[in-house]
Amino acid sequence: MEVIGKSVIRKEALDKVTGRAKFTHDYHSVPMLSGKIVISPYGHAKIVSIDTTEAWLVPGVRAILVGERFFPLTGEAIRDRPPLAVDKVRYHGEPVALVVADTAVQAKKAADLIKVQYELLPVVNSPTQAFQKDAPLVHEHLGEYKKEADSQPVPGTNIATHIKIRKGDMEKGWASSATVVEASFSFAPSDHAAMETRCATAEIKPDGNVMIMTSSQAPFMVKRLISDYFGVELGKIIVTTPLVGGAYGGKAPVQLEVLAYLASKAVGGEPVKILNTREEDIITSPCHIGLDAVVKLGASQNGKIQVAEIRYLWDGGAYSDKGIDVTRSGAVDCTGPYNIENVWCDSYCMYTNHPYAAPFRGFSHSELSFAIERTMDLLAQKLTIDPLELRYINAIMPGNTTPTRVLLNKSNVGNLKKCIEKVRDLIHWGEGPVKEINNRYIRVKGVSCSWKTSTIDTDAPSGVILTFNRDGTINLMSGVIEIGTGTKTILAQILAERLKMDVDNIHVRMVVDTQTTPEHWKTVASRGTFMGGRAVLRAAEDVLNQLKEIASCVLRAPKEDLEVANSRVFLRDDPSIGLHFKDIASGYKYPNGETIGWQIIGRGSYILRHLTHLNPETGAGKPGPEWTVAAYGVEIEFDRRDYSYRLIKACTVVDIGKVMNEKAALGQVMGAMSMGLAFAGRETFYFDELGRVMNPQLRTYRPLRYGENPEYLVGFVETPQIDGPYGARGVGEHGLMGMPGALGNALSTAAGVSLHHLPLIPELIWKAKEGAR
């Protein structure tokens, strides 16, 4: 191949490195009003009164909105969230009031003068507590909410949904097991910590058109939901998304866009911008989901896993929104990438008084993988089998079935055993997992595996439009959002490869607007390359057919005798006879002025095929098109005196199907690994007894800092996915998913105590060690 697999410089790179790239907050019309949110200081409290008297006295204030019953309830799976709290607040950071003023300073000053009186209510501070029969109810009227058909809330409880997986015969599985291990795991919600905080603007034009600009991963979902919530004609809603400065799933939900629309409506349709501060972005907008898990595995004496019984209690927070989808995704791949014939899994989305959950890079899989992979190490320890060998023995392979009973083949699952073999070599596992340095320090390696399919809407579309410039270059338009993944450059590479042309002659439109850009469902779930790539290939075929059709008339040759390459259409047996794209892309003009042909506009679209909903009683169904598998290793240097540690090496090997852009793939995987190590070893929300997040600033919320990163080792296995563009699978999430499990396994070995909670900070290790003593 000429373009696929090469390290092509990203199309938006120059704008980004020079600072010319524009993000949502960089766009500012005149006039542009500012909105400021007043947030709840408590996790759970009744709203007694809201006094806006002093706020109205601030010059420049145009409107003050408080929670009203005529506001529609919002949320994707269940309509359970008021845009502004009504009657009570359910999480620390929940929007209570919204001030609209001429300037941001005036809006902030007025917001600070709003007095809200609260009456504290009992707090539900964990999904395990929420699961108890006598737990306070976060939603007393759960049974009254409008919901999607595949959401299963349980009225009178804190269960937003319950997903069941029932595969095989559990009694048979336990009877054939010689060894059983069971363990519990937990971690609190955390943040996505994207560099760009969320921002949205809204304007309602005199003709009724609603103009929204937003830093979103899902502008077409914004369009759809605003229409659903407020009864606005779908065609009158135009959502624009420029470049997005990181998202990681946190910008998939729709929140600020609703508030911006309400704010604009309150001031007669004038444009209003709402920009999160860092603290608001951490606690007010959706967060990374937490989890309490119990995993029980049974295995024969030779290490073959016979049975798995699993319970996941996901911390969906105060509102269900995307938490239900994350809960379903966790159920679908509940066992990790292992062939287990007998599976019983209950995956619950629990309401708590925490910030509500959004997807996080990996969509439940880094979370469940920590629980599964730690249990795998416990099983290996009990069986006295090498941990990497245990994973190799049980690796999911073609011919096996998933927990939802999908039969796997070489195309849709790849080769986990090859990934394990490559990790074994990269981290020198044969030298042994433990190396003594001296009486104080020890170096230890830990390993893990992961897999993931993408549980997205069964009718999720992706479209592409191609137009030609008169110089023969091509414009590519796709609804994929450029959120830092480089996907739009890869779409250009796919097109260049298919048309056999220079990728520099393809211009990619970065800004997406829902009026003129073909729809792409959402830029989530590592689906951009797969779905957008398939749409590009279809559009390329459309273009090729049109080019040949016009050229066949001019060259007086049948279409089947023509070839396309190097921006030319020519005779395959005599390439000297041909035409450049610039001569025919807008129709061919003869010397006498007569013109034949037409402006060539290519279009292509794609919808995932053969996907089904899950059976509500058994979980049977096909939720995604393929399973990407990966293996991981982490090496740490551990201080046995104070329980601190240093990250030495981190390794990931992914069966990527086909490497599309080498440096982009390496960057994606390394960035994801860094996030995974930060999630595992640093990042978390600390809640007090009132449900308040005690570390809502970056000086107290702890991502991985510069200088703390290990050496990153990345490898790829290429088992082509037959229906993927040039055999490719998505890879945006997969470097992250095994990092928590591998780090937890390394530290458990180093400390000599089994670690079951995240983040893995020295204090937690010390407490676990002292508790074991």
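Let's start with helix H17 (residues 662-681): its 20 residues reach 28 Å from the first C-alpha to the last, close to the 28 Å expected at 1.5 Å a residue. That expected span is 1.5 Å times one less than the number of residues. This is a predicted model, so local features need pLDDT of at least 70 and side-chain atom pairs count only at pLDDT 80 or more, while totals for chains, interfaces and linings use all residues. Residues are numbered from 1 along each chain as its sequence is written, and side-chain values use heavy atoms, with hydrogens and water left out.

**Helix H17**
- H17 is mostly covered, with 14 of its 20 residues buried (buried means under 20% relative accessible area, with a 1.4 Å probe and protein chains only).

**Helix H6 on its own**
- H6 has twelve residues and reaches 16 Å from its first C-alpha to its last, close to the 16 Å expected at 1.5 Å a residue.
- Ten of those twelve residues are buried, so H6 is largely enclosed by the rest of the structure.
- The buried ones include Pro219, Met221, Lys223 and Ser227.
- What do the buried residues of H6 pack against? They pack against strand E10 (210-214), strand E11 (237-241), H7 and strand E23 (512-513).

**H6 meets H7**
- The axes of H6 (residues 219-230) and H7 (residues 256-266) come within 10 Å and cross at roughly 50° (axes are lines fitted to C-alpha atoms, for helices over the stretch in contact, and angles run from 0 to 180 degrees between N-to-C directions).
- The two helices are therefore oblique to each other (under 35 degrees is roughly parallel, over 145 roughly antiparallel, 65 to 115 roughly perpendicular, and the rest oblique).
- On the H6 side, Val222, Ile226, Tyr229 and Phe230 make the contact; on the H7 side, Glu257, Val258, Tyr261 and Leu262 do (contact means heavy atoms within 4.5 Å).

**Glu635, a buried residue in a strand**
- Glu635 lies in strand E30 (residues 628-639).
- Is Glu635 buried or exposed? At 12% relative accessibility, Glu635 counts as buried.
- Glu635 touches Arg443, Val444, Lys445, Arg646, Leu647, Ile648 and Lys649, not counting residues up to four places away in sequence.
- Glu635 and Ala746 are 111 residues apart in sequence and 6.9 Å apart in space, C-alpha to C-alpha.

Key:
Helix = DSSP H or I, 4+ residues; strand = E, 2+ residues; numbered from the N terminus. Buried < 20%, exposed > 50% of the residue type's maximum accessible area, 1.4 Å probe, protein only.
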